[in-house]
Amino acid sequence: MQVATATSPLIAPYKIVVVENAERMPPTAANALLKTLEEPISGTIILISSQPQRLLATITSRCQLVPFQRLNNAQMTTVLENVGRSEILNHPNVIQFAGGSPGIAIAYHDQLQSIPQSILQQLIQPPSNLLTALSIAKDIEVQLDFHQQLWLIDYLQYCWKEFLSDQNWLLKLEDAKNSLLKMASPRLVWEVLLFPD
């Protein structure tokens, strides 16, 4: 922290330092941050990401609180229209999946557009027979990269929520994601996930 804030910016008018999860700092680091806040270097902006009630009162008293709240549907509509992304409003699943964040809605929509419609159509609900499950697993392995497959599992957790009342599906989706992250064979992961009970 002290190295990052000890000097003025070289070219730009400001230097920005981001401190994430500041509530996890040990006392020595929190005291060093406090000293930096008491004696700031000009041209340096420090962004502290934390829950204010979990930081030292001496730190929060020297900061300006900037709350970030999720937007409601009307606000989401306004923002997406203002940035020229009103086509996202035609995808209610994406809007709900984003949970009030226009940035997440844009990222999810772009990711959704990268998934072939043929795969999405087959996954409107969990497959009901083994041959369909094997065919979908093959298509996913061939057509989607690693990050698309991880995203698809998250998306299915949302889209299949009516089926997730059965705890088995939720566990299968979580296991599939963990297996992909551990570099298991993607085809095998999808076959096990989609295998009808």
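**A close look at helix H9**

A: H9 has 14 residues and spans 20 Å from its first C-alpha to its last, close to the 20 Å expected at 1.5 Å a residue (the expected span being 1.5 Å times one less than the number of residues). Helices here are DSSP runs of H or I with at least four residues, and strands are runs of E with at least two, numbered from the N terminus. Before going on, please note that this is a predicted model, where local features need pLDDT of at least 70 and side-chain atom pairs count only at pLDDT 80 or more, while totals for chains, interfaces and linings use all residues. Residues are numbered from 1 along each chain as its sequence is written, and side-chain values use heavy atoms, leaving out hydrogens and water.

Let's start where the helix begins. Aspartate 145 caps the N-terminal end of H9, with a side-chain oxygen 3.1 Å from the backbone nitrogen of histidine 147.

Next, the surroundings. Because 10 of its 14 residues are buried, H9 is largely enclosed by the rest of the structure (buried means under 20% relative accessible area, exposed over 50%, and partly exposed in between, with a 1.4 Å probe and protein chains only). Among the buried residues of H9 are Trp151, Leu152, Tyr155 and Leu156, along with Gln148 and Gln149.

Leaving aside neighbours within four places in sequence, leucine 194 is in contact (heavy atoms within 4.5 Å) with Leu123, Pro127, Ala133, Ile136, Ala137 and Trp160.

Arginine 187 forms a salt bridge with glutamate 141, their closest N and O atoms being 3.7 Å apart (a salt bridge is a side-chain nitrogen of Lys or Arg within 4 Å of a carboxyl oxygen of Asp or Glu). The pair links distant parts of the chain, with arginine 187 in helix H11 and glutamate 141 in helix H8, 46 residues apart. Arginine 187 counts as partly exposed at 29% relative accessibility, and glutamate 141 is partly exposed at 32%.

Conventions. A polar contact is a pair of N or O atoms within 3.5 Å; within protein, one must be able to donate a hydrogen and the other to accept it, and residues adjacent in sequence count only if both atoms are side-chain atoms.
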